[in-house]
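Here is a short briefing on the fold, the ligand shell and a few single residues. Have the viewer open while you read.

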Amino acid sequence: MHTAIWGTTRTGKSSLAKEMARVYQSMGIKVLVHDPVFDSTWPADFKTDNFELFLEVYWESEGCMCFFDEAYKSCFHKNDAAIATATMGRHRGHINHYIAHRPTMIDVTIREQCTKMFLFRIGKKDAKLVAEDWSEDVLLRCNEFKQGQYFEVEKMGEVHERRLF
Ligand SMILES: Nc1ncnc2c1ncn2[C@@H]1O[C@H](COP(=O)(O)OP(=O)(O)OP(=O)(O)O)[C@@H](O)[C@H]1O
Ligand SMILES: [Mg+2]
C-alpha cells in the first residue's frame, strides 16, 4: 500500500520523490508534503515543516499522495500519530511515502505497511535487514550503489535496478 524510500545522505531520495510528486500532480492527484527541513522546491498542493499542521491537513484530505521526508523526525519508534497514517491513512484514500536514511529509524509498524520500496545505497547492516524483510538476497547489492542508483521493489513482486541520474 505505502512506499518506503531508503538511502544514505545525498543518494537521491528527495530528488526521486519530487519527480514522483510532479508526475502525480500532472495526473491531477493532490500531493501533501511534510519536510522538517522545508525544501521549497517540492512540487506540492500543501507542504509544511510543522508535523501537527501536516496531520490536520492529512486527515481533512482525501485521495492524496503524501510524502514524509526526513521521516526519522516524524515516524520514529512508537510515535502513534505517525503510525496512524500508515495503518489508517488508506481509509482516507491516501498513499504515503516514507523517506529516511536508515529503515531502523522508522517505526516497525510503519515499515511493515510498506508494500513498495525505492532502495538507494545503505550500509551493510541495514542492507541485510532489508534483504531479510523483503526476502530478496539481491537487495544486499545496494550497499555498493553509486549516487542516483536504486532498486525499485514490490512486495512479492519483481526487483528492478534503476538509475535516477
Ligand atoms: N539529475 C541529477 N544529476 C546529477 N546529480 C544530481 C541530480 N539530481 C540530484 N543530484 C545530486 O544528488 C544530490 C542529492 O540529492 P537529494 O537531495 O535527492 O538526496 P537525498 O538522498 O534526499 O539526501 P538527504 O538524505 O541528505 O536529504 C544533490 O545535491 C545533487 O548534487
Ligand atoms: Mg533528502
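From β1 (2-6), the residues H2, A4 and W6 point one way, and T3 and I5 point the other way. Every one of these β1 residues is buried, where buried means 20 or more other C-beta atoms within 10 Å of the residue's own, exposed means 12 or fewer, partly exposed lies in between, and C-beta atoms are placed from the backbone. The model is predicted, so local features need pLDDT of at least 70 and side-chain atom pairs count only at pLDDT 80 or more, while totals for chains, interfaces and linings use all residues. Residues are numbered from 1 along each chain as its sequence is written, and chains are lettered from A and ligands numbered from 1 in the order in which they are written.

- β1 is mostly covered: five of its five residues are buried.
- Strands are DSSP runs of E with at least two residues, helices are runs of H or I with at least four, and both are numbered from the N terminus.
- β1 runs parallel to strand β6 (residues 114-119), joined by five bridges.
- The bridge partner of I5 in β6 is F118.
- β1 also pairs with β5 in the parallel sense, over four bridges.
- In that pairing, T3 stands opposite H97 of β5.

**The sheet as a whole**

- Eight strands form an open sheet in the order β3-β2-β4-β5-β1-β6-β7-β8, with mixed pairing. Two strands pair if DSSP finds at least two bridges between them.
- The edges are β3 (46-48) and β8 (159-163), each pairing on one side only.
- Neighbouring strands of the sheet are turned by 15 degrees against each other on average, direction ignored. Axes here are lines fitted to C-alpha atoms, for helices over the stretch in contact, and angles run from 0 to 180 degrees between N-to-C directions.
- Helix α2 (residues 51-60) packs on the sheet and touches β2, β3 and β4. The direction of α2 makes about 160 degrees with that of β2.

**Strand β4**

- M65 and F67 point one way from strand β4 (residues 65-68), C66 and F68 point the other way, and all are buried.
- Strand β2 (residues 31-34) runs parallel to β4, with four bridges joining them.
- L32 stands opposite C66 in β4, and H34 stands opposite F68.
- β4 and β5 also pair in the parallel sense, over four bridges. There, C66 stands opposite N96.
- β4, helix α3 (residues 80-88) and β5 make a right-handed β-α-β unit. Right-handed means that, with the strands pointing away from the viewer, the path from the first strand over the helix to the second runs clockwise.

**Ligand 1**

- Which residues surround ligand 1? They are G7, T9, R10, T11, G12, K13, S14, S15, H101, Q147 and F165.
- A residue is near a molecule or strand if its C-beta atom, placed from the backbone, lies within 6 Å of it.
- The shell divides into one nonpolar, eight polar and two charged residues. Ala, Val, Leu, Ile, Met, Phe, Trp, Tyr, Cys and Pro count as nonpolar, Asp, Glu, Lys and Arg as charged, and the others, Gly among them, as polar.

**Two loop residues with positive phi**

- R10 lies in the loop between β1 and α1 (13-26). R10 is not a glycine, yet its phi is positive, about 65 degrees.
- R10 counts as exposed because it has 12 C-beta neighbours inside 10 Å.
- K78 is found in the loop between β4 and α3. Its phi is also a positive value, near 65 degrees, in a residue other than glycine.
- K78 is exposed, with 9 other C-beta atoms within 10 Å.

- I99 sits in strand β5 (residues 95-100). It counts as buried because it has 24 C-beta neighbours inside 10 Å.
- I99 and A4 are 95 residues apart along the chain, but their C-alpha atoms are separated by 6.2 Å.
- Neighbours within four places in sequence aside, I99 is in contact with I5, K13, S14, A17, F67, F68, D69, E70 and A71. Contact means C-beta atoms, placed from the backbone, within 7 Å.
- C142 lies in the loop between α5 (124-133) and β7 (149-154). C142 is buried, with 25 other C-beta atoms within 10 Å.
- Beyond its neighbours within four places in sequence, C142 is in contact with L119, F120, R121, I122, A127 and F151.

How values were computed: Two residues are in contact if their C-beta atoms, placed from the backbone, lie within 7 Å.
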